[in-house]
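Me: I am new to this structure. Could we go through its pockets and its ligand together?

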Amino acid sequence: MNLVIFGPPGAGKGTQSKFIVEKFNMFQLSTGEFLRKEISDNTKLGKKISSVINSGELVSDIIVSDLIEKIISNSKYQNRIVFDGYPRNLNQAKNLDNLLKKYKQRIDIVLKLSVSLETIKKRISERLGLEKRFDDNEKIAIRRFETYEKSTEPVIEYYKKLNLLKVVDGERPIDQINDEISAIISAI
Ligand code: AMP
C-alpha cells in the first residue's frame, strides 16, 4: 500500500504520518525533510536549492521528481510509502502516477486531515501562551493556511475524482484521529 497525506500547517500531519509509519511499517517520504537534509549536508543540490527554500518558494518539479524516484525505485520501500509534502500541484500528481506505474505500484489511499482556520489559530495561540506578538504569528499562520488551501485544492479534486480521497476530521483528539486512520487503512 502507498498513501498520500494532506493537511494544512498545524493540522497534525507530522504526528499522524509518524503514527501510520510505526503502526503499518511504512516509510515516510517527506520531500521537505529530504530537501532540508540536502542543505544541511551541503551537497551540490543543497547549495542550489537553499535560497529557494529559504524564500518559501517551491523547488522545481524536476528536482523533487528525481528525489522521489530514488525512493520509489528502491525495492526496500516498495508499496510502503507515505507521501508527505508531495504532490504539491497537479503536474506533480500526474508525475507521481507515472512514476508509480513505471515501478508497478499505485496510490491506494489519499488522506486529507481537515482542520478549520479557526482551530489552527487557536492551537497557535495556545502554543504561544497568549504572547503579545500573536498578531504577527496569526498573520503568518493565515497566509500559510491560504497558500496550502489554494495550491492543494486542485490536487485534492484530482484524487476525489479517482475515488481515492478520504477526509478525516482533524479537529478531534489525536487518539480518535489515530483510530479513524487505522480503520481506513485496515479496510484497504
Ligand atoms: P515542507 O516541509 O513540506 O513544508 O517543505 C519545505 C519546503 O521544501 C517548501 O517550502 C518547498 O520549498 C520545498 N518543497 C517540499 N516539498 C516540495 C514539493 N513537492 N515541490 C516543490 N517544493 C517542495
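Reply: The largest share of the lining of the largest pocket, seven residues, comes from α7. Helices here are DSSP runs of H or I with at least four residues, and strands are E runs of at least two, numbered from the N terminus. The model is predicted, so local features need pLDDT of at least 70 and side-chain atom pairs pLDDT 80 or more, while totals for chains, interfaces and linings use all residues. Residues are numbered from 1 along each chain as its sequence is written, and side-chain values use heavy atoms, without hydrogens and water.

Me: How much space lies in the largest pocket?

Reply: About 1200 Å³, a volume being the space filled by probe spheres set on grid points joined across faces, edges and corners. A pocket is an open set of points on a 1 Å grid over the protein atoms alone, where a 1.4 Å probe fits, with protein on both sides within 12 Å along at least five of seven lines; lining residues have an atom within 4 Å of a point.

Me: Which residues are closest to its centre?

Reply: Of the 36 lining residues, P9, L58, G85, R88 and R144 are the closest.

Me: Now the ligand. What surrounds it?

Reply: There are 13 residues around the ligand, T31, R36, E57, G85 and Q92 being the closest; such a residue has a heavy atom within 4 Å. Helix α2 (residues 31–40) gives the most, four residues.

Me: Which part of G85 lies 2.9 Å from a ligand nitrogen?

Reply: A backbone N or O atom of G85 does. For Q92, an N or O atom in the side chain is 2.9 Å from a nitrogen atom of the ligand.

How values were computed
A polar contact is a pair of N or O atoms within 3.5 Å; within protein, one must be able to donate a hydrogen and the other to accept it, and residues adjacent in sequence count only if both atoms are side-chain atoms.
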